[in-house]
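Please open the model in your viewer and keep the sequence panel beside it. We will go from the whole chain to a few selections, one stop at a time.

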Amino acid sequence: MKKIIAVIIAVCLVMSTGITALAEDKKVTSDELMAELQGAVDYLSKESYTVDDALELYYLVSSGAEVNNVDSFATAVKENLSANDGKLVTSNGETLTAYAAAIQIMMYVDIEDDDTFSTLLDNFSKMDPTVLPASPYEYNVIIPASIFVEDESFGKTLCDTLIENYYEKGNGMNYYGLGCDNTAYLITALSTYSFDYEEVISDCLAVLETYKVDGGYCYNREYGTEPNADSTALALMALCSAYFSSDEDNDEIKEACDSAYNALTSFKGSSVGVYTYMNDGDNAFATADALRGISLYYIVVAIDELFNGLDDYDFEETTKPSKEETTSQIDKTEKETTEKTNAEKKSPATGDNIFGAAFGIAFCTAAFAVITAKKKESR
């Protein structure tokens, strides 16, 4: 666990100093996208957060934008655990979703409370992964959190349960019917374990394309072919997830991401980051879905900027380090980054410490790198 976190922190430190827009000729920059994300977060934020707000808050903080009053959630979690004999109990009881969201919120905003984090993770790992959440959309937060559970079968059981109950080959996800939004959520949820579910993801990507229309994506052609912000944003979310999980040339997927984002911009509302459903006024649901899509697109663009910048440098060929050398370097990184974070850390607001805008990129890329290495090693 500590080594995974060390890798994430190390990537974060690198990116926090060099992730500014490196290519001036791009149609959209990571800076512009962060402005969009910040506007959406400001529009959707609350004055305080309880344990019942865990899922909602997760999407806000995972955007990388600054979220105020996160400390109210941390306090609520500690009080809730204390009042319920070490269990996190929401109005819906003890749920996989609340644990998963709380675990990742603590990591995203660097809430330094090892005891609380360990308690949440231990409880999460003991939950029954075959119990269905209130909505299959919640697997979007549940499955990514499973990478921190030592037992690999936990995460794969979550994925298998999702597929068994909601996936139809050739049709995507069936959740009160078929639709672009449903299938987009399925793709994104499974992308954490993409090497194990390549066939399902590939099939769902093909299904997703059937919802593409002029101007974006529609929910379901049976109800009309007019595009809307929600479906377009969630298609963007799914395409970006596919971009991260693909081990092939990503140029085609990158172009699809760019196209989906460009279509989404036609649904902008009255202020930066705020979106409409079909240009019919500012809409919180459309804005929340836009946040989901743009959060991942921000990482796609930032990675593209980063590697475009690296093209200016010459790298000497080096031999692949041994397992012992790699482990030693990770241990060294953990020590150095811990010392640096202790010296530089400020408030728990995401914009005021090293786990701010750059952390969204660092977490996804580092976590994905760990998963990729692990999956390829097991092949």
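Predicted model: local features only at pLDDT ≥ 70, side-chain atom pairs only at ≥ 80, totals over all residues.

Residues are numbered from 1 along each chain as its sequence is written, and side-chain values use heavy atoms, with hydrogens and water left out.

Now switch to cartoon view, where the chain shows 15 helices and four strands (DSSP runs numbered from the N terminus: H or I of at least four residues for helices, E of at least two for strands). Among contacts (heavy atoms within 4.5 Å) between residues at least 6 apart in sequence, 70% join residues at least 24 apart.

Next, select residues 96–108 and 114–126, which are helices α5 and α6. They pack at an angle of about 150°, with axes 9 Å apart; the axes are lines fitted to C-alpha atoms over the stretch in contact, and angles run from 0 to 180 degrees between N-to-C directions. Show side chains, and you will find α5 residues including Tyr99, Ile103 and Met107 meeting a set in α6 that includes Phe117, Leu120 and Phe124. By class, this contact has 11 nonpolar, two polar and no charged residues (nonpolar: Ala, Val, Leu, Ile, Met, Phe, Trp, Tyr, Cys and Pro; charged: Asp, Glu, Lys and Arg; polar: the others, Gly among them).

Move on to residues 251–264, helix α12. Its 14 residues reach 20 Å from first C-alpha to last, close to the 20 Å expected at 1.5 Å a residue (the expected span is 1.5 Å times one less than the number of residues). Its buried residues are Ile253, Lys254, Cys257, Ala260, Tyr261, Ala263 and Leu264.

For Cys257, the nearest is that of Cys240, at 3.8 Å. Cys218 has a relative accessible area of 0%, and Cys257 has 0%.

Finish at Ala288 in helix α13, residues 284–310. Ala288 is buried, at 17% relative accessible area. Draw a C-alpha distance from Ala288 to Val274: they are 14 residues apart in sequence and 8.8 Å apart in space.

Methods. Buried < 20%, exposed > 50% of the residue type's maximum accessible area, 1.4 Å probe, protein only. Disulfide = S-S within 2.5 Å.
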